[in-house]
Amino acid sequence: MLILGMFMEIVPIMFILGPILFPLLAKMGVSEVQFGVVMVLNLMIGMITPPIGLNLFVISAIGGEDIMRIFRAAIPYFFALVLVLAAITYIPGLTMFLPQLVYGTR
């Protein structure tokens, strides 16, 4: 998903991969909420990753800055987001704490 997010918009990827991956992960016992959060964060990281990085081009157009300067400035945020992605992927309690608190445990 991260690689696809570099080259395509988020919504078409969700429409293509969601129906394919959701039943597979549901049979493996992955929570729907967990899958949704990981999918959206993966695609969001892809949108700020070169070579395409559509969100960075939007920021460049709005701010009037050089695209390479924005790419360099986004590097620390990229690594922070990858760490957060790894944390929520491998520690489901981080994303499932609030839903379990509100709706009860499964």
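This is a predicted model: local features need pLDDT of at least 70, side-chain atom pairs count only at pLDDT 80 or more; totals for chains, interfaces and linings use all residues.

Helix 4, which covers residues 54–63, packs on helix 5 at an angle of about 125°, and the two axes lie 9 Å apart. Angles over 145 degrees would count as roughly antiparallel and 65 to 115 as roughly perpendicular, so with its angle of about 125° helix 4 is oblique to helix 5. If you want to find this contact on the screen, look for Leu56, Phe57, Ile59 and Ser60 on the helix 4 side, which meet Ile67, Ile70, Phe71 and Ala74 of helix 5.

Let me stay with helix 5 and turn to another partner. Helix 3, residues 32–47, and helix 5, residues 67–90, have axes that come within 10 Å and cross at roughly 165°, and these two helices are therefore roughly antiparallel to each other. The crossing of helix 3 past helix 5 is left-handed. Helix 3 contributes Gln34, Val37, Val38, Leu41, Asn42, Met44 and Ile45 to this contact, while helix 5 contributes Phe78, Leu81, Val82, Val84, Leu85, Ile88 and Thr89.

Which residues of helix 3 meet helix 6? They are Val33, Gln34 and Val37, and on the helix 6 side their counterparts are Thr95, Met96 and Pro99. Helix 6 spans residues 93–103, and its axis and that of helix 3 come within 10 Å, crossing at roughly 135°, which makes helix 3 oblique to helix 6. This crossing, of helix 3 and helix 6, is right-handed.

Stepping back to the whole chain, the secondary structure comes to six helices and zero strands, so that reading from the N terminus the order of elements is α-α-α-α-α-α. The C-alpha trace spans about 50 × 25 × 20 Å along its principal axes.

Finally, I would like to take you to the surface, where Ile3, Leu4, Phe7, Met8, Ile16, Ile20 and Leu24 form a nonpolar patch that has about 660 Å² of accessible area together. The elements that each give two or more residues to this patch are helix 1, residues 2–7, and helix 2, residues 10–27. Phe7, one of the patch residues, has its place in helix 1.

Technical notes. Residues are numbered from 1 along each chain as its sequence is written. Side-chain values use heavy atoms; hydrogens and water are left out. Patches are made of residues with over 30% relative accessible area and no salt bridge: like charges are joined within 9 Å, nonpolar side chains (Val, Leu, Ile, Met, Phe, Trp, Tyr) within 5 Å. Accessible areas come from the Shrake-Rupley method with a 1.4 Å probe; for residues, only the protein chains shown count as cover. A salt bridge is a side-chain nitrogen of Lys or Arg within 4 Å of a carboxyl oxygen of Asp or Glu. Helices (H or I, at least four residues) and strands (E, at least two) are DSSP runs, numbered from the N terminus. Axes are lines fitted to C-alpha atoms, for helices over the stretch in contact, and angles run from 0 to 180 degrees between N-to-C directions. Angles under 35 degrees count as roughly parallel, over 145 as roughly antiparallel, 65 to 115 as roughly perpendicular and the rest as oblique. A crossing is left-handed if the near helix is turned anticlockwise from the far one by less than a right angle, and right-handed if clockwise. Contact means heavy atoms within 4.5 Å.
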